[in-house]
Amino acid sequence: MRTLTKAHLIATLGALLLTGCAQIELVGFQAEQALTLSKQTTLDAAGSGQAGYYCRRVICAGDDSENQAVRGLLEFDLSALPKNISSDQIASATLRIYQSESGPTYARLQSLLLEHIQVPDLRDFTAFDTPALETARNEAAAEGYLEFDVTEALRRDLALGRASAQFRLRFSQPTNHDHQSNLALFSTADDYAPQLLLRLKQP
């Protein structure tokens, strides 16, 4: 009789604990969405296409040996999100990119800027210098992941019904006129490709 009572007590306590945990998880739950890169390109100030050819397997930002500024462009397809997601449901949005090589580029060209832009065609040259809607800054020159808070950019894109989220990478100093290629490289390889990470508010 004593054993049955103890077993019943343990089962009851276990059920209460599980119920409590489920309620806590429900209250703190935020759905996550990860969008992968849908388009990318690299443009140079001269419009020669050389930077785009050299950087066809990566995304580049910096300058080239002709002292032309080089800028990398990224696009994420927002149609991959569920249709009922609205701008006010975005709790946070983070752009995560892998900086695979930068050499002395930061020392020569100062800060890396991530700019939120919107153009009809990411690969058109107008994307090179179209005005930025929002800007974030990075000073970390080491190899590894860089993360940028792009919450307001995503909210704006969704509120305006845009089909994509577009970003531009450039350095705050376009060139240092040393006739050397000063580039930061950002990986597009499968395991290190850029991602747009969204956290959604609880329904």
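Modeller: A salt bridge is a side-chain nitrogen of Lys or Arg within 4 Å of a carboxyl oxygen of Asp or Glu. By this rule the structure has 8 salt bridges. The model is a predicted one, in which local features need pLDDT of at least 70 and side-chain atom pairs count only at pLDDT 80 or more, while totals for chains, interfaces and linings use all residues. Residues are numbered from 1 along each chain as its sequence is written, and side-chain values use heavy atoms, with hydrogens and water left out.

Biologist: Which elements make up the secondary structure of the protein?

Modeller: Helices (H or I, at least four residues) and strands (E, at least two) are DSSP runs, numbered from the N terminus. The protein has 4 helices and 10 strands. Read from the N terminus, their order is α-β-α-β-β-β-α-β-β-β-α-β-β-β.

Biologist: Which residue forms a salt bridge with E32, and where do the two partners lie?

Modeller: The partner of E32 is R199, with the closest N and O atoms 2.3 Å apart. E32 belongs to strand β1 (residues 32–44) and R199 to strand β10 (residues 195–200), so that distant parts of the chain, 167 residues apart, are linked.

Biologist: Are these two residues buried or exposed?

Modeller: Buried means under 20% relative accessible area, exposed over 50%, and partly exposed in between (1.4 Å probe, protein chains only). E32 is exposed at 57%, and R199 is partly exposed at 29%.

Biologist: What does the salt bridge of R96 and E147 tie together?

Modeller: The side chains of R96 and E147 meet at 2.9 Å, N to O. Because R96 lies in strand β4 (residues 90–101) and E147 in strand β7 (residues 144–149), the pair ties together parts 51 residues apart in sequence. R96 is partly exposed, at 25%, whereas E147 is exposed, at 53%.

Biologist: Which residues are linked in a network of salt bridges?

Modeller: E115, R168 and R170 form such a network. A separate example is the salt bridge of D178 and R108, at 3.8 Å from N to O. D178 is in the loop between β8 (164–171) and β9 (182–187), and R108 is in helix α3 (residues 105–109), 70 residues apart.

Biologist: How many disulfides does the structure hold?

Modeller: A disulfide is a covalent bond between the sulfur atoms of two cysteines. The criterion used here is a pair of cysteine sulfur atoms within 2.5 Å. The structure holds 1 disulfide, formed by C55 and C60 with their sulfur atoms 1.9 Å apart. The link is left-handed, with -105° about the S-S bond. C55 counts as buried at 2% relative accessibility, and C60 counts as buried at 0%.

Biologist: Which residues touch the most other members of the largest nonpolar core?

Modeller: A nonpolar core is a set of buried Ala, Val, Leu, Ile, Met, Phe, Trp, Tyr and Cys residues joined through side-chain atoms within 4.5 Å. The largest one has 31 residues, and V150 and F167 touch the most other members. Apart from this core lies another, of 8 residues, including A69, I117, L122 and A127.

Biologist: What does F167 contact, leaving aside its neighbours within four places in sequence?

Modeller: Contact means heavy atoms within 4.5 Å. Among the contacts of F167, with those neighbours left aside, are G72, L95, H116 and V150. As for the protein as a whole, buried residues make up 38% of its 203 residues.
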